[in-house]
Amino acid sequence: MKLAVIGVNHKTAPVSLRERLSFGLDMPEAIQALSGLTRGCTIVSTCNRSELYVGIEDESLGDDEQVDGVISPKLRAIGEWLAQFKGVSFDDIAPYLYAYEDSRALNHWLRVAAGLDSMILGEPQILGQIRQAVATSREHGGVSSEFGWLTQQVFAAARTVRRDTKVGAQAVTLGFATAKLATQIFDDPRELTFLLVAAGEMNRLVAHNVAALGIKRIIICNRSAERAQALSDELVKMADQAARPLQVDIVPLAELSMVLPEADIVSSCSGSMQALIDADMVKKALKQRRHQPMLLVDLAVPRDIEPAVGQLDDIYLYSVDDLQHVIAGNLAERKQAAVEAELLVGQLVLDIEARMQTQRARAYIRDYRQMAQRRSQQLLDAAMARIDQGEDAKVVLAEFAHGMSQTLMHSPSRLIRQAAKVYDADTLDAISQELIHSHRKPI
C-alpha cells in the first residue's frame, strides 16, 4: 500500500467550490463508498480544505497506463468518484485539485497536521480535526490496520513538530490569543466560566478557541435568543465530539450586569455605539467575586468596555489593538520557526518511510516463510507416503533433500539475477555474500 491524497484547499480553490466539495452529514456514506475503492481512507473536511487521504495499491504504472498530468489513473479515479459523489463535473473541479502520492503525499499530510499548510500558520485546531476525521473513518470501516498504523505515525510526527519548534508557540488569531491569555492568567481553565457578550462571528471564533480549553460553563449574553441558541448548539456539539462536559446558558443582553460577576473570562464584540460594561459595573462584580481576577477582552470598535476598567485591581483588560500588536510580533516569530519546522518535517517523512519499509519487509518475510513451510510440508508428506509404500528410505530422503534445496534456491537465485540488473556491483556483492554465508552456519 502507498499513501495518496487528492483535494482542494484555500490556496487552490475559491470558497464557492470548497463549499460544494465539503462533507457533513454525508460523511459516513462517503467513507463507506470510498473504502470500497481503496485500502483505507480518511476524509478531512474543514472550512479551508476538503481532502481525501487514501491507501492505494503499490504498483508501478504499466505500459498501457498513461498519466493524466500529475494524476495517475488510480488517483484520477478517486477524483472522479469525488466529483460524482458531490454531483459536480470532474472537468470543472480538475483545475483546482492537487494530487500527491508516496513521499509527497506523506509530506503534505504531515505539513497539514502540523499547521504548516493552514491559512493561519501554526494553528492548532487542524490536528484535532484530523484526529476526529480518522476516528469517524474508523467508526465506519474506512481504516484498515495498515492505514491506521500510518495515521498514528502522522499524529506522532505532527506532535514532534509542534513540540520541538515554535511554529505553534505564539498566538496569531484573536481567538487563539484570547485562549492563550486565559492559560497564562488562570491555573486551570476547566474550572472557569466564560461570558460572551454578543454572538457575532468574531465572538463565535473566540468561543471555539476558548471552549477548546475545556471550559466547564459558557454564558451567551445576546439581544437575539435565536442567534445565541445557534451558537450554543454549535459549542455543545463540539464538546460532545471531544467527550468533555459543557454547560451553556443564554441570557438577554439586559441581564448583563447580573451575570457579569459569574464570569472569569469576558469577550465582548457587540457593535453597540455605547459602552456596555463600565467601571462601576465591574467594581460591583469584583466585590461579589471577592476580587478573584477577571480577563476582559474587548474586540468591539467602538469599545464595549470602558478603558477605565483596565485601571482596576485584579482586572486584565485587552482591546482589539492590544491583541493585534501581540499577534503581529508572534506571526513573525512563527514564520521564522516555520523554516525549522519544514526541515524537521522532511526528516520525519524519511523516518516514517523507513519504518514503512520495515513493515513491508516483515510482511514479505512472513509470506516467504509461510510459502517455505507449506512447500516443505508438501514434500515431507509425499516422502512419508512413499516410505510407507515400501520405497527405499535413503532414495526417498535424497530426493526430498533435492526438492527442498531447489525450493530454497529458487527465490534467492531470482533475487540475485534481479539485483544484477538493478543495483550496483557493491550492492550485488553484499546481497550475494549474505545469502551464501547464511548457509555456511553449522546445523
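In the predicted model, L3 stands opposite G55 in β3. This position belongs to the pairing of β1 (residues 2-9) with β3, in which the two strands run antiparallel and are joined by 8 bridges. Both strands are part of an open sheet of 4 strands, whose order is β2-β3-β1-β4 and whose pairing is antiparallel. The edges of this sheet are formed by β2 and by β4 (98-101), each of which pairs on one side only. From one strand to the next, the twist averages 15°.

Helix α2 packs on the sheet, where α2 touches β2 and β3, and the direction of the helix makes about 145° with that of β2. Helix α6 likewise lies across β2 and β3, running at about 140° to β2.

Within α2, which spans residues 27-35, the buried positions include M27, A30, I31 and L34. These residues are placed on the same side of α2 because they cover an arc of only 100° around the helix axis.

How values were computed:
Residues numbered from 1 in each chain as written. Predicted model: local features only at pLDDT ≥ 70, side-chain atom pairs only at ≥ 80, totals over all residues. Heavy atoms only, no water. Buried < 20%, exposed > 50% of the residue type's maximum accessible area, 1.4 Å probe, protein only. Arc of directions from axis to C-beta. Pairing = 2+ DSSP bridges. Axes fitted to C-alpha atoms, helices over the stretch in contact; angles between N-to-C directions. Contact = heavy atoms within 4.5 Å.
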